[in-house]
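Me: I have a model open and want to learn how to read it. Where do I begin?

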Amino acid sequence: QVQLVESGGGLVQTGGSLRLSCAASGSDFSFYAMGWFRQAPGKQRELVASKTSGGTTNYADSVKGRFTFSRDNAKNTVYLQMDSLKPEDTAVYYCGAQRRPWGSFGYWGQGTQVTVSS
């Protein structure tokens, strides 16, 4: 069983920064990929950034150049550094994990709220 716990959300002004953390606990951390997703009110959950175990990182066009995905394997933790935040970044951010390349993101955290005020 694996648990993902996000932290680091909050309220920030436009142009500010936040760093989200996602700590994994349990018995097996051999994931093919980890990802950060977000869901704004009335919208579908969308992929923000993902990183495979091989190091390939992808970002949504809307966050390229502003967000940075990193991981600390020793701590079983991934991070999302968010800079130059905009009001449209306001959402609940979720950490997800994908066990196999042919699978989907099947493990999820509880989410952390990020609110960017204008």
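**Reading the model step by step**

Reply: Begin with the surface. This is a predicted model. The protein chain exposes about 6200 Å², and carbon and sulfur atoms supply 47% of that area.

Me: How many helices and strands are in the protein chain?

Reply: Count each kind of element. The protein chain has zero helices and eleven strands. Along the sequence the pattern reads β-β-β-β-β-β-β-β-β-β-β.

Me: How do I judge the overall form? What would the radius of gyration of a compact globule be with 118 residues?

Reply: Compare the chain with the globule rule. A compact globule with 118 residues would have a radius of gyration near 13 Å. The protein chain has 14 Å, which agrees. For its extent, take the principal axes: the C-alpha atoms fill a box of roughly 40 × 30 × 25 Å.

Me: How many salt bridges does the structure hold?

Reply: Look for a side-chain nitrogen of Lys or Arg within 4 Å of a carboxyl oxygen of Asp or Glu. The structure holds four salt bridges. One of them joins arginine 38 and aspartate 89, at 2.9 Å from N to O. Arginine 38 lies in strand 4 and aspartate 89 in the loop between strand 8 and strand 9, so this pair ties together parts 51 residues apart in sequence.

Me: Which other partner does aspartate 89 meet in a salt bridge?

Reply: Arginine 66, at 2.8 Å from N to O. Arginine 66 sits in the loop between strand 6 and strand 7, 23 residues from aspartate 89. Arg38, Glu46, Arg66 and Asp89 are linked in a network of salt bridges.

Me: Are arginine 66 and aspartate 89 buried or exposed?

Reply: Check each value against the cut-off. Arginine 66 has 10% relative accessibility, so it counts as buried. Aspartate 89 is buried too, with 0%.

Me: Is the pair of lysine 64 and aspartate 61 buried or exposed?

Reply: Lysine 64 and aspartate 61 are both exposed. Their side chains meet in a salt bridge at 3.1 Å from N to O.

Technical notes. Residues are numbered from 1 along each chain as its sequence is written. This is a predicted model: local features need pLDDT of at least 70, side-chain atom pairs count only at pLDDT 80 or more; totals for chains, interfaces and linings use all residues. Side-chain values use heavy atoms; hydrogens and water are left out. Helices (H or I, at least four residues) and strands (E, at least two) are DSSP runs, numbered from the N terminus. The radius of gyration is taken over C-alpha atoms; the globule rule is 2.2 Å times the number of residues to the power 0.38. Accessible areas come from the Shrake-Rupley method with a 1.4 Å probe; for residues, only the protein chains shown count as cover. Buried means under 20% relative accessible area, exposed over 50%, partly exposed in between (1.4 Å probe, protein chains only).
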